[in-house]
Amino acid sequence: MKVALLQLSDIHIRSEKDFVVKNQEAFCRSCKPLINECTKLVVIITGDIAFKGSKEEYNVAYNWLKLCESFWKREASFLNSVEYIVVPGNHDCDFERSDEIRELIIETCYKQDEIPSEKYVSSCLSIQENFWDFYSKLRGEALSPNISWTHEVQLKQDFSLIFNCYNSALLSQLSETPGKLTIPRDKFIVREATTTQNVVISLYHHNTGWLNPNTPRNNKKEFEHHVLETSNIAMCGHEHSEQSRKISGLASHREFMYLESPAFQSDETSKYGITLLDTDSAAFTLHQFEYSPSDELYKSSAPLAILKLQSKQSGMLLAPEWEEKLDSITIPLKHNKIGTLRLSDVFVFPDLDPYDIGRSYQYIDSEDLLNNKIAERILLLEGENQAGKTSLLRMLYSLWHQQGVYPIMVLGKDLKHVNINKQLEDSYKTQYLHKKNSYEKYKQLDRSRKIVLIDDFNESILNNEHKSRLLSQLLHNFEKVVITSNLQMDVRSIVIDLNNEELKRFKLLSLGYSKRNALIEKWIRLGEDATALDEQRCLDQIKYAYDNVSTLLGQQLIPSYPVFILSLLQGLNQMLDQFDISQTSYAFCYNSLIMASLINSGMKKENIPGVLSFLSEFAYYLYQNHSERKYFDKDEFQKFCVTYQEQYYTSYSTGTLLEKLCKADIIRSEDSYSYSFAYKYIFYYLIAKKLSLLINDDNADGLVQKLCESLHKEREANILIFLAFLNGTGKQLDDVLFASMLPFEDQKPITLKHDDPLFKGINNIVDNIKSKVILQDIDPFKNRETSLRESDDLQRKLDTDPQQAYFTEEDFEENSPLREMNSTFKIIQILGQIAKNQKDTLKKGELLKLIEESYNVCFRSISFFGSLVEDAKEEIAEHFIRDYKDKYQVSESQIRARVHKLLYMLLFQQCLAAFSNLSRAVGISNCEELFKQVAASLKTPAAKIVSFSINTYYNSLKIADLEELVSEYRNNPVVMEIIKARVLNYLYNNLTDYSLRQKIGELCNLKLINNSPILKAPHRSNK
């Protein structure tokens, strides 16, 4: 059985001449294919049926709806009922009936959580009389004006749609102000616990941003919480915006869907949605429609699966303690907006790298393990410590169980014999309600419904021969065996012993760009009220958190495993609301990662400061004495401990300390002789921590200078960056500034003025790079996701390409321009970190100079690329002329022109990319005047564009700033194209209203076009 929920909002009926009335047939035809599939139709109108609440308008609306109903019934042979459920909006109030008494009541009541008198309620509702007459006529029953009421639509004997209706226009006035409405808390609809089959849908006109947050109990927050707790779906309108958001992973383990409907009639724009409910699958699917003037019909978007109801539990039920453990997080994670974090709150399925010979760069999403897309029955998931192997097994366990497949999980360390029947039975009794369903009953289930999960198979004492026999035996009674192990376990003999068709190996990968973003988005949305979440603010937080987490992860300093990303987010969490991610907080995040590892290993908190001090001294010792070595042996560690203990007290013996550091994965045993720091970030951070102390004690003469001289070396560059995180370069800022003047010191910074060589080159191809349109319907969330997926694909191609070679330190030593380019990237990053870290402590002149030098070193590098193009363009052109002139019968002048055009287009893209990198490196939020001063001081179009880019990335775009920039450079075509690229990127990556897009289009000579049917690729620039 299928049910159609047709949601209309903000119809604003005035007369028979209305756009929607005249286009009634087009509307009805667009609904018809979906309604024809259904046995029931529920027409839901979330307010503003009329324009002024007059009887005449409601007569037009009634006749229009009944004509629509007749149209649908003509073809819909299965349709046996049409029901109308409506709530009033502010336009459904006849304000000509309002009087001074009502205004006085409103002024008193909007500040309270409840309305003290029913007479007050009657007075406030008096202006809705025409609405209630219309609604009574529409439903064919006498209805009285009310604040809240319920309608129940029964679908089956034990399955109903329950509509909780709220009159948010109770206190509406002709000129409404957000925060001056209330829905009295004593009118909140509270029902006895409903069955899981029933669906509760809350309806109201105004979204909760219009409710008063300043009543004694915060009416806005109370109503939001009430709707979230009592409903499966909430529907509203009023804002004329289109939003659909799903909240999942709540404590109750159910999903909540928020649907804010666009206006059905706003000038000649018309949008609406139909949600189809399939009662057999308990699934809701949303279909959205928009009128297309050029085609004179309503067009639908791709259907969106928005909700699936959970059925009553049946089959083999899990033991509550085990179910709790499956969803628990073992690391000490806290989020400032919710209580206990659950695994399902933050879990993102990682990608898997199959060990296939001749494979492409395409990886497998581990979520695919759930749907039997992988034929092999033994799946071996290998990964490093902290890669998330156990979390993945637990999530797979939970989801398989929800599908009616019943796993048993065992630990590798418990597998001491080939026959593990006893372990399986004990595990079953721990994990399931075995008194209700015995283990004997479990064993007799079809093999296809049973799976064994083995965590940390490498910890089993069985040798490989017996491990192979164990796995083979399990396949007799279990459909699949999923195993996790570390990367060190030698599985070659197991693979040989087993049939190749039975086993498939995967490596668990760190999160790529897209999945990293998905995890951050989950974190940001935790604890937020779905019905009132500011999506632009949410998007800003995701972008800023993503940028800062990426900075903290560095270039392979920390693998982007979920545990590290979540720990970093926890460290940044308190700063996110202000977007004030200072470098001292960065240092705190790194320190917290190390401390968390030590705590998880069982080390006492009171011993950790001493251990951190030891580690810092040991890392510095290795850096000084073994600059080119990565590994150390146990004897060297012991000798250093003896020397250290001559000056400091320690809590552990040498052997115990090394054992604990290995258990914490701070130090890693490579074999029985060699050790190293587990991750680069630990080594670099600890060295920088020691250097920071030396600098602050004035015992580090020349240290920063030496680091600056070796920026082309990975270790020295990263140590200097970590010093910036730790405030360790403040006393030697002059050394850093001097280093910034060295790369490409013979190059004149670009300006993009008419006499700039770069301008002259790019101006020749400006007609080929002109932006001419603004696409209206770019969803910034989807655009961001698509862009990140493309970045993932590109990175994977590079990682798996055997021809791909990365520059080495020897390359930088031998190639001066290459070394200077690498130093440019590093020095911009370092100057940016210092600026962000010390913006409140440096004098204004020093801060200004620091950022100016960042701009100049970037502009000199672009100038260098420009000179390369100028010097090489003729030689490159001659090469193509020799190879292609005779082959394709193209003249020399045509080939030369095309080569030059290609080179200048590449140079233009390089310019955009350099501006983007510079903006992210030195940009600071809420410092707009600072960057305007930098632009004013440098007095070049290039500087003004970068400052504009920074201010629009970290703040909202201001039309006045854009207008000033366009006015100044309207006659500079190169600068105008860069400005257009920047504003288009802003529009495609932010939620903006139509009026802003229209103003920007007029200023930049960009035409707005409706692009919804043609979107195929992400839209972005390099910023």
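In this predicted model, three strands form an open sheet. Their order is E21-E23-E22, and the pairing is antiparallel. Strand E21 (632-633) and strand E22 (667-669) are the edge strands. Each of these two pairs on one side only. Strand E23 spans residues 674-677 and pairs with E21 over two bridges, in the antiparallel sense. Within this part of the sheet, Asp633 stands opposite Ser674 of E23.

A helix pair was also examined. Two packed helices are described by the angle between their axes and the distance between the axes. Helix H16 covers residues 535-553, and helix H27 covers residues 780-800. They pack at an angle of about 20°, and their axes lie 11 Å apart. Angles under 35 degrees count as roughly parallel, so H16 and H27 are roughly parallel to each other. Their crossing is left-handed. From H16, the contact draws on Glu535, Leu539, Ile542, Lys543 and Tyr546. H27 contributes Pro780, Phe781, Arg784 and Leu788. By class, the residues of this contact comprise six nonpolar and three charged, with no polar ones.

The mean pLDDT of the protein chain is 85. A pLDDT of 70 or more is reached by 89% of its residues. Over residues 248-253, however, the pLDDT is below 50. That stretch has seven contacts in the model beyond near neighbours in sequence. Residues 575-584 also have pLDDT under 50. For residues 575-584, the model has 28 contacts beyond four places in sequence.

Note on methods: Residues numbered from 1 in each chain as written. Predicted model: local features only at pLDDT ≥ 70, side-chain atom pairs only at ≥ 80, totals over all residues. Heavy atoms only, no water. Axes fitted to C-alpha atoms, helices over the stretch in contact; angles between N-to-C directions. Helix = DSSP H or I, 4+ residues; strand = E, 2+ residues; numbered from the N terminus. Parallel < 35°, antiparallel > 145°, perpendicular 65-115°, else oblique. Left-handed = near helix turned anticlockwise from the far one by under 90°. Contact = heavy atoms within 4.5 Å. Nonpolar A, V, L, I, M, F, W, Y, C, P; charged D, E, K, R; others polar. pLDDT = per-residue confidence, 0-100. Pairing = 2+ DSSP bridges.
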